[in-house]
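Student: Could we go through this one together, starting with the overall fold and then moving to the ligand?

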Amino acid sequence: GRRFPRPGSTRIITIANQKGGVGKTTTTVNLAAGLAQAGLNVLVIDNDPQGNASTALGVEHRAGTPSVYEVLVDGAPLSSAVQQCPDLPTLWCVPATIDLSGAEIELVSLVSRETRLRKAVDDFLEERIAQGLEPIDYVLVDCPPSLGLLTVNAFVVGREVLIPIQCEYYALEGLSQLLKTIELIKAHLNPRLHVSTILLTMYDGRTNLAQQVAAEVREHFPEQTLKTSIPRSVRISEAPSHGQSVITYDPSSTGALAYLEAAREVADRGRPEPLPVPSVDGAS
Ligand code: ADP
Ligand code: MG
């Protein structure tokens, strides 16, 4: 396949939006597959108790499977939970099991409750280097549709946040709350965190509404918004039931090509400098 540039060091990207159904998991899985198909080493962390990313990547995630839960709650090493995805040889996943649904509560009483995922990821990346293994180029963290401790852990591990925005009415609603949360994390827990990337998902250019929403998002986030937007595509929604990304499920589909193009854009931009994030108060 085509080659994308390797980042100088591991890029850790958290895919977040507290709204459900906007394409977080779909974006995590297919961006990861796009980067891995181009020869990069990619690790997906499924940080959502629903385990949709684990399903879509075809990895085992029955109750009791070593997962993000053991890493967060028991302090297990990340390496004990990493599985290779059947889809692509340089794509790995730390699955989520149903156990993770209890973690949000269990974490509250644990020490370093906000930084447990970061510690595990840092240790894992160092361990690979010490073992003489190739570095991981990208870590993508999928988040649940909430701003609780699981998402906080994902914001503390990440340097970059990617926000998928569905092109529909109310698209920007809730965005200012998300950006405020990111600013709080930045001030108190992770000074390097910034919104590097916005991706328009489920875009239907035939509707005026989608065009208006896309224009509004680009106006607010001219630097962050990728040129590529992801169209609505049946192939994208079918792929997870085959335990595959759309990129291997139907490589020539419009959905696969769009996610590959988005992955290329992310890789070509390299690690961006933190950008000032405009306020979206009063938007939408
Ligand atoms: P989230 O993780 O934000 O809750 P998902 O990625 O699970 O959102 O997407 C929600 C639903 O929309 C899923 O059923 C998914 O298959 C579908 N979907 C996501 N992106 C597309 C797309 N571009 N075209 C068609 N269906 C999509
Ligand atoms: Mg999801």
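**Fold, helix and ligand shell**

Tutor: This is a predicted model, and among contacts in the protein chain between residues at least 6 apart in sequence, 78% join residues at least 24 apart.

Student: How many helices and strands does the protein chain have?

Tutor: The protein chain has eleven helices and seven strands. Its radius of gyration is 18 Å, close to the 19 Å that the globule rule gives for 284 residues, so the chain is as compact as a globular protein of that length.

Student: And what share of the residues is buried?

Tutor: Buried residues account for 49% of the 284 in the protein chain.

Student: Switching to α11, which of its residues are buried?

Tutor: They are Gly255, Ala256, Ala258, Tyr259, Leu260, Ala262, Ala263, Val266 and Ala267, and what covers them includes α1, β7 (194-201), α9 and α10 (246-249).

Student: What length does that helix reach, and what follows it?

Tutor: Helix α11, residues 254-269, reaches 22 Å from its first C-alpha to its last, close to the 22 Å expected for its 16 residues at 1.5 Å a residue. After α11 comes glycine 270, whose phi is positive, near 70 degrees.

Student: Now the ligand: which residues are closest to ligand 1?

Tutor: Of the 17 residues that surround ligand 1, the closest are Lys24, Thr25, Thr26, Ile236 and Ser237. The elements that give two or more residues to this shell are α1 (24-37) and α9 (234-238), and the largest share, three residues, comes from α1.

Student: How does that shell divide by residue type?

Tutor: The shell around ligand 1 has five nonpolar, ten polar and two charged residues.

Conventions: Residues are numbered from 1 along each chain as its sequence is written. Chains are lettered from A and ligands numbered from 1 in the order in which they are written. This is a predicted model: local features need pLDDT of at least 70, side-chain atom pairs count only at pLDDT 80 or more; totals for chains, interfaces and linings use all residues. A residue is near a molecule or strand if its C-beta atom, placed from the backbone, lies within 6 Å of it. Helices (H or I, at least four residues) and strands (E, at least two) are DSSP runs, numbered from the N terminus. Ala, Val, Leu, Ile, Met, Phe, Trp, Tyr, Cys and Pro count as nonpolar, Asp, Glu, Lys and Arg as charged, and the others, Gly among them, as polar. The expected span of a helix is 1.5 Å times one less than its number of residues. A residue is buried if 20 or more other C-beta atoms lie within 10 Å of its own, exposed if 12 or fewer, and partly exposed in between; C-beta atoms are placed from the backbone. Two residues are in contact if their C-beta atoms, placed from the backbone, lie within 7 Å. The radius of gyration is taken over C-alpha atoms; the globule rule is 2.2 Å times the number of residues to the power 0.38.
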